[in-house]
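Hi,

Here is the structure we talked about. Please look it over, then read my notes below.

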Amino acid sequence: MYDYIILGAGSAGCVLANRLSAADGAKVLLLEAGGKDTNPLIHMPAGFGKLQTPSVNWCFTTAPQKHLDNREIWYPQGKTLGGSSSINAMIYIRGHRNDYDTWAEQGCKGWSYAEVLPYFRRSEHNERLADRYHGTGGPLGVSDQISPNVLSKAFIRAAQQAGHVFNPDFNGEEQAGTGPYQVTCRDARRASTSREFLGPVRDRPNLSVEIKARVLRVVVEKGRAVGVEYSLGNGSVKTARTEPGGEVIVSSGAVGSPRLLLLSGIGPADELRALDIPVARDLPGVGKNMQDHIDSYVVSDLNAPLSYDKADKFPRSIKNGLQYILFKTGPVTSVVAENGCFAASSGSGQPDIQMHILPAYVVNSGRTKVDGFGFTINTCVLRPKSRGSITLRSSDPADMPVIDPNFHAEHADRKLSIAGVRLAREILAQPELSKHTASERYPGAGAQTDNEILAYIRQFASVDYHPVGTCKMGIDDMAVVDPELRVKGLDGIRVVDSSVMPNLISGNTNAPSIMIGEKGAAIIRGEEPEVADLSSHSNQRKPVLAEAE
């Protein structure tokens with residue numbers, strides 16, 4: 001029997017395993033559906049583009065997206081130790097301070113920016129920054145990129161020519177502007193949560209880790225979660241139970257966590273009964289409120305072979321591999337999305353569009369192959385209005401869930417996607433980039449009106465793989481967990497991962513998921529909450545953008 005059973009060894013789960021097993025006498029079991037993170041491509045920064053196989057990836061696709069020409073969109077999520085932190089592009093972004101202050105205003109007491117900042121800092125070992133926003137000495141390696149491409153550097157200069165200020169730290173005083181992305185990397189190797197949080201404590205006698213352990217359901221008895229049933233790779237089924245007063249902690253991400261709750265009879269009662277799943281707790285919000293960042297790309301052909309295109313092809317791959325092995329420099333150290341820009345399209349001051357700069361052809365998340373050498377600006381809508389869902393196909397745990405982000409259901413999101421394309425074009429037209437480009441490949445010169453650009457977006461828009469919100473935290477009727485992350489109406493069970501975010505943050509979600517793991521562990525252990533002193537912050541809070549008409 002265990003004090004804590006953690007379901008999922010991902011961005012938050014590995015943090016929980018580290019922090020909760022640090023307590024003397026606390027027995028912790030960590031269950032991961034995937035296998036070991038021994039694939040060498042996991043640990044090479046540029047290797048993430050090859051991690052699209054079922055050995056490390058759930059390889060989901062969405063339901064047909066009715067506002068995107070009914071396309072089913074590729075939707076990878078990590079299925080290995082470290083979860084998506086082992087297969088992502090490693091970008092370290094926390095979001096805007098207003099994101100968290102809005103959470104607190106909506107009833108998530110204890111989750112304002114000042115109250116989450118200490119937990120970001122607790123995790124962090126930043127190799128460049130050490131101030132009130134950044135920590136050193138934490139488990140998580142955060143660093144500058146080693147060998148950025150000449151085109152990535154040119155983008156920063158071009159963005160400044162287009163009027164965007166230079167910002168050396170998107171996670172500091174202000175988010176707006178253009179600059180380099182810091183990444184979760186240490187010594188030129190990926191700093192996944194498996195490597196940084198779990199690896200150093202695997203030998204603790206009170207911590208048990210089981211891989212290829214697919215959880216079938218949480219066992220609920222008399223209103224309390226008392227354990228879990230899970231299957232192993234050999235087909236056998238095991239049950240693990242908690243000690244009296246122990247807890248089951250669901251940390252399987254914004255797709256996996258609602259799926260597990262639903263399979264366990266925790267969710268909308270009518271949906272559960274329709275699938276002949278006994279209802280343990282009627283919670284209408286489970287699987288609802290799904291949000292993700294939708295991407296629209298502007299892609300240009302280059303007039304010289306400066307990009308990363310063909311860098312993994314012989315003979316360049318031999319040279320690049322040797323450079324990495326011998327010197328830990330070169331293209332293999334790149335996460336491709338090297339620099340970025342946070343832009344406020346309405347002039348409000350708070351960014352509503354994020355750009356990832358990709359010195360390569362990246363069309364349809366790289367799944368559409370283009371010959372030659374190109375440059376891509378990926379623009380995403382930071383705070384989408386559209387809401388989707390995660391539902392079950394059946395009561396069979398082996399069935400994949402129905403993932404429906406419902407992209408572009410709201411006019412405001414479509415309007416911002418069009419604005420993102422126009423902003424990217426403005427930057428591409430500046431001298432520092434135009435001297436390297438030949439012509440626009442996508443959407444192409446023929447797409448000029450809003451309707452023409454939107455038609456292109458419907459055909460080619462992709463996703464940033466930042467799902468959140470499906471077990472949202474709050475105090476309203478659709479909230480699944482309270483601000484202490486306890487599942488409402490049940491004892492002995494919490495959800496601690498990106499699914500608890502009530503609203504999607506303004507940026508990449510790996511760093512916030514790690515923070516949720518840190519703060520969740522502190523709450524579970526009964527630690528006194530920490531609050532950062534931001535009294536000297538130079539700017540007053542800016543208003544959140546009004547909904548576009």
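**Contacts of R425**

R425 touches V298, E440, P443, G444, A447, Q448 and I453, leaving aside residues up to four places away in sequence. Keep in mind that this is a predicted model. R425 sits in helix α10. Its relative accessibility is 14%, so R425 counts as buried, the cut-off being under 20%. G474 is 49 residues from R425 in sequence. In space, the two are 40 Å apart, C-alpha to C-alpha.

**Helix α10 against helix α12**

R425 also belongs to a helix contact. Helix α10 covers residues 411-428 and helix α12 covers residues 450-460. They pack at an angle of about 100°, and their axes are 10 Å apart. Angles of 65 to 115 degrees count as roughly perpendicular, so α10 is roughly perpendicular to α12. On the α10 side, the contact is made by R414, S417, I418, V421, R422 and R425. On the α12 side, D450, I453, L454 and I457 take part. By class, the contact has five nonpolar, one polar and four charged residues.

**Aromatic pairs**

How many aromatic pairs does a search of the whole structure find? It finds nine.

F170 and Y181 form a tilted pair. Their centres are 5.6 Å apart, with 55° between the planes. F170 lies in the loop between α5 (150-161) and β7 (177-180). Y181 lies in the loop between β7 and β8 (185-186). The pair therefore ties together parts that are eleven residues apart in sequence. Both F170 and Y181 are buried.

Y442 and F460 form a tilted pair as well. Here the figures are 5.1 Å centre to centre and 55° between the planes. Y442 is in strand β22 (residues 437-442), and F460 is in helix α12. This pair therefore ties together parts that are 18 residues apart in sequence. Are these two residues buried or exposed? Y442 has 17% relative accessibility, so Y442 counts as buried. F460 has 16%, so F460 counts as buried too.

The cluster consists of Y100, W103, W111, Y113 and F120, linked by ring pairs.

**Charges over rings**

Two lysines are worth a look. K79 lies over the face of W58, 4.5 Å from the ring centre. K328 has its charged end over the ring of Y324, at 5.2 Å from the centre.

**Helix α3**

Helix α3 runs over residues 97-105. Its residues R97, N98, D99, Y100, T102 and W103 are buried. The buried residues of α3 pack against α4 (113-123) and α13 (510-524). Just after α3 comes G107, with a positive phi of about 115°.

**Helix α7**

How many of the eleven residues of α7 are buried? Eleven are, so helix α7 (residues 253-263) is largely enclosed by the rest of the structure. The buried residues include G253, A254 and V255 at one end and L260, L261, L262 and L263 at the other. R259 is among them, too. After α7 comes G265, whose phi is positive, near 85°.

Best wishes

Notes. Residues numbered from 1 in each chain as written. Predicted model: local features only at pLDDT ≥ 70, side-chain atom pairs only at ≥ 80, totals over all residues. Heavy atoms only, no water. Axes fitted to C-alpha atoms, helices over the stretch in contact; angles between N-to-C directions. Helix = DSSP H or I, 4+ residues; strand = E, 2+ residues; numbered from the N terminus. Parallel < 35°, antiparallel > 145°, perpendicular 65-115°, else oblique. Contact = heavy atoms within 4.5 Å. Nonpolar A, V, L, I, M, F, W, Y, C, P; charged D, E, K, R; others polar. Phe/Tyr/Trp six-rings, centres within 6.5 Å; stacked < 30°, edge-to-face > 60°. Buried < 20%, exposed > 50% of the residue type's maximum accessible area, 1.4 Å probe, protein only. Lys NZ or Arg CZ within 6 Å of the ring centre and 35° of its normal.
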